[in-house]
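Please look through the sequence and the model before reading on.

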Amino acid sequence: MPDMPFDLLNELSPKAPSRHADVRPRFTVEPQAVVPRAAEPPPALARESLRIPRVTIHAFCDSLDVAAAIESAAADRVMSRANTTVHQGGIAAAIEFYRQAPTPNLIVVESRSSAGLITELDSLAEVCDAGTKVLAVGHTNDIAFYRELMRRGISEYMLAPVQPFSLVETIAGLYGETTSSKLGRVYAFMGAKGGVGSSTVAHNVAWTIARRVSLDVIIADMDLPFGTAGLDFNVDAGVGIGEAIQDPARLDEVLLDRLLTKCGNNLSLLAAPGTLDRSYDICEGTFERLLEVAQASVPFLILDMPHLWTAWSRNMLKAADEVVLTAAPDLAGLRNTKSLIDFLKQARPNDPPPKLILNQVGMPKRPEIKPRDFAKAVQLELTACIPFDAHQFGTAANNGQMAAEITGKSAAARAFAEVSDVLTGRQPLKGRRTPSFNLSSIFGKPKR
Ligand SMILES: Nc1ncnc2c1ncn2[C@@H]1O[C@H](COP(=O)(O)OP(=O)(O)O)[C@@H](O)[C@H]1O
Ligand SMILES: [Mg+2]
């Protein structure tokens, strides 16, 4: 039997059956059923348990398709802590490279030749440092070949073509870092413009989730100087998030608990200072620790984001499990919504698109873009459409109550319930088609 140089211990230790086990080829079925090849991005819920640690990954590809799939996997936010580089030249290039350089945590090698892969793996083993894992990507669907690879200590074999998310899942499986079931989900709410009701929607949805699911929800008011969450819930909330950013590294579950203000059953607020006595020049990574700690302590974290485009705000949108965009039905809202959707598509290539809420629809005397046209123009179905209701929302804001408390059976209350169900996965959107329409058709016929 050949030597087993690649992380021998790991390969020999009995593995608990995992959800990743089905990634391993079985070879007795048709090729397309061997390796999961989801054409669609996976639902957000499927990825919440995946975590990939700060490992270094080098890929040596033999085809452009596999290289592109690895590049796409590397861009996935689940892989954001990993450091991935992709090279061409296949396993031969890897052997050459590691004659001079130390090996990383994981080497991904693709080979189009099965015989070549087997022999070259032996040469690769000679230049591999202990502890390095090897994931092979091949084009051969054969059980004897697979067994041969496994005998050589390969950690995993994937059959090409590979889907980016299958790669992410397989790599997560190799590092066994699935997060505990109490890991929270993060929903970032942002308005396409200021004043479109994004904070109002975020607070109402948070309040509704807390009531409907009876699980803890934290609202973090990220609009440090002007945030209104404390006013909206009629609580005297103190400095809240202001202290969390003083020394982000110091933040832990105990400190977070101390900074929270209870504002209902299952609902707490990490309030914004809401004062102008200092300026808030926030660094890019300031809130990473907050997300980590909050995710470990509550099932749901709602980020009420200001209408801001900074390094930290972009990072929060990238890091969230779901992004909820709120827009008013006007041209600027349409342009900005389209820009945000495009940004998110590019920054989160393997995630589902954001949820889109059209708010303040039907304001008397205001010319508006029709919800249907708005959805067609941005090519995204609306998760909810909330009517303009000055009395309901004005009363709620002035009383420090939620809109649904003012009129429980209103269209707005129903919309908040629907958004909350969609986000928590209680009731997926069904039977709605994504319109395919061109932005120019709206710009060609402005509805002003
Ligand atoms: N559907 C609605 N109908 C009427 N007024 C609304 C509606 N949604 C929000 N508002 C009001 O719009 C104002 C701005 O809301 P806010 O949530 O602060 O916006 P943003 O966070 O997007 O800047 C608030 O006074 C709020 O009460
Ligand atoms: Mg706001």
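Which residues in α4 meet which residues in α8?

## Basis

This is a predicted model, in which local features need pLDDT of at least 70 and side-chain atom pairs count only at pLDDT 80 or more, while totals for chains, interfaces and linings use all residues. Residues are numbered from 1 along each chain as its sequence is written, and chains are lettered from A and ligands numbered from 1 in the order in which they are written.

## Helices α4 and α8

From α4, A69, I70, S72 and A73 meet P164, L167 and V168 of α8 (contact: C-beta atoms, placed from the backbone, within 7 Å). Helices (H or I, at least four residues) and strands (E, at least two) are DSSP runs, numbered from the N terminus. The contact of α4 with α8 has six nonpolar residues, one polar and no charged. Nonpolar means Ala, Val, Leu, Ile, Met, Phe, Trp, Tyr, Cys and Pro; charged means Asp, Glu, Lys and Arg; the others, Gly among them, count as polar.

Two packed helices are described by the angle and the distance between their axes. The axes of α4 (residues 64–75) and α8 (residues 164–175) cross at roughly 65° and come within 8 Å. Axes are lines fitted to C-alpha atoms, for helices over the stretch in contact, with angles from 0 to 180 degrees between N-to-C directions.

## Ligand 1

Ligand 1 is surrounded by 17 residues, the closest being G191, G197, S199, T200 and F393 (near: C-beta atom, placed from the backbone, within 6 Å). Two or more residues of this shell come from each of α9 (198–213), β12 (355–361) and α17. The shell holds 10 polar residues, six nonpolar and one charged.

## Residue N398

N398 belongs to helix α17 (residues 390–399). N398 counts as exposed because 9 other C-beta atoms lie within 10 Å (exposed: 12 or fewer; buried: 20 or more; partly exposed in between; C-beta atoms placed from the backbone). N398 and N234 lie 164 residues apart in sequence and 9.3 Å apart in space, C-alpha to C-alpha.

Conventions
Contact = placed C-beta atoms within 7 Å.
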